[in-house]
Amino acid sequence: MDSLGNYRVYRFGLCLLPPSWKPIAWSRVISFTAIAMCWWILLPFIVGGKGSRLLRLCFLFVHLDIAACEHLLLRTACTDPGIVLRSSSPPADAEKFRLKNGRYPRSKPATVNGVSTHTWFCGTCLIWIPQRGFHCKTCDVCVQHFDHHCEFTGSCIGERNYGLFFGAALTASLAGLLSTVWIVLFVVELTSISSEQKSVLLKLTEGLGSRATLKLVVLAFVMVLGMVFFFSFAGLLLHHLQLLRENITHHEMLRGTWEQSSGPPKSAYPKRSLVEVLKTLVTDRRPESELWSHIQTPGGGSGQV
Ligand SMILES: [Zn+2]
Ligand SMILES: [Zn+2]
């Protein structure tokens with residue numbers, strides 16, 4: 001095992017353990033508890049053959065979607081986001097640009113797509129940061145095409161795991177919607193079994209059997225959780241679709257680097273249509289990991305990478 005900044009690097013298949021794993025671990029505990037509670041209430045109804053085909057189909061889709069979401073979420077957290085390898089000594093031209101007080105320069109002039117801009121120097125990694133890259137203070141590494149540091153996965157979102165992050169947000173939003181639909185369908189079917197003239201709540205309480213009050217509270221909690229998931233992640237997806245169309249990262253939007261001189265000018269990266277954005281998301285291949293190539297090199301990647 002090696003370390004890189006605050007990441008821990010496991011060589012089998014290049015798995016990274018992000019600096020902060022607690023949020024993702026706790027959110028898994030909440031999600032799996034909610035799923036187990038739903039099984040406790042809904043599974044006897046479905047296995048007992050009382051549920052309609054639609055309810056069983058919804059059950060299948062919810063679980064397929066949750067499995068896809070879990071897979072994408074873990075891969076987002078444990079995939080190299082596009083870490084730029086550190087250097088043991090500053091590049092030769094950094095010496096050339098060295099300031100009179102002995103400090104390394106903050107930037108040097110550069111051209112991107114024919115537009116004049118700057119390339120920034122990272123005093124921690126001792127490298128010129130690639131265009132649109134950034135040094136994440138939490139992870140203590142420079143990341144290519146840095147989008148943001150995700151508090152949820154505890155890792156950086158950059159060039160190599162942005163597609164996985166987008167897929168995880170999409171499936172999480174769908175999971176919230178499908179689980180709410182699933183519970184609504186269950187309630188409708190459970191209350192329509194009895195044709196007696198009773199209130200819906202009474203029918204529901206009778207249909208749920210023992211511990212009906214606790215089961216009702218759990219169903220209400222999962223529905224609220226589902227809706228929170230749906231609206232939060234749907235909002236996040238819309239925000240990122242807009243950023244992709246503008247051809248701007250979340251980090252650039254926050255820092256307003258387009259307008260100021262501290263980042264690449266907007267004209268260097270033209271806007272894209274929604275079709276182009278979707279095509280990019282589906283067909284874009286992740287670039288080779290610098291870290292993985294370094295580790296595979298004989299003698300490379302021992303101790304601090
Ligand atoms: Zn750096
Ligand atoms: Zn980070």
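β5 pairs with β6 (residues 115-122) in the antiparallel sense over 6 bridges, and V112 stands opposite V115 in β6. Pairing here means that DSSP finds at least two bridges between two strands.

A quick word on the ground rules. This is a predicted model, where local features need pLDDT of at least 70, side-chain atom pairs count only at pLDDT 80 or more, and totals for chains, interfaces and linings use all residues. Residues are numbered from 1 along each chain as its sequence is written, while chains are lettered from A and ligands numbered from 1 in the order in which they are written.

Stepping back, the chain has 9 helices and 11 strands; these are DSSP runs numbered from the N terminus, with helices being H or I of at least four residues and strands E of at least two.

UniProt, in an unreviewed entry, puts "transmembrane region" at residues 26-47, 164-188 and 216-238; such annotations may be inferred rather than shown by experiment. Here's how two of those stretches look in the model:

| Residues | Helix | Strand | End C-alpha atoms apart |
|---|---|---|---|
| residues 26-47 | 100% helix | 0% strand | 30 Å |
| residues 216-238 | 100% helix | 0% strand | 33 Å |

Finally, among contacts (C-beta atoms, placed from the backbone, within 7 Å) between residues at least 6 apart in sequence, 64% join residues at least 24 apart.

Definitions and conventions. Contact = placed C-beta atoms within 7 Å.
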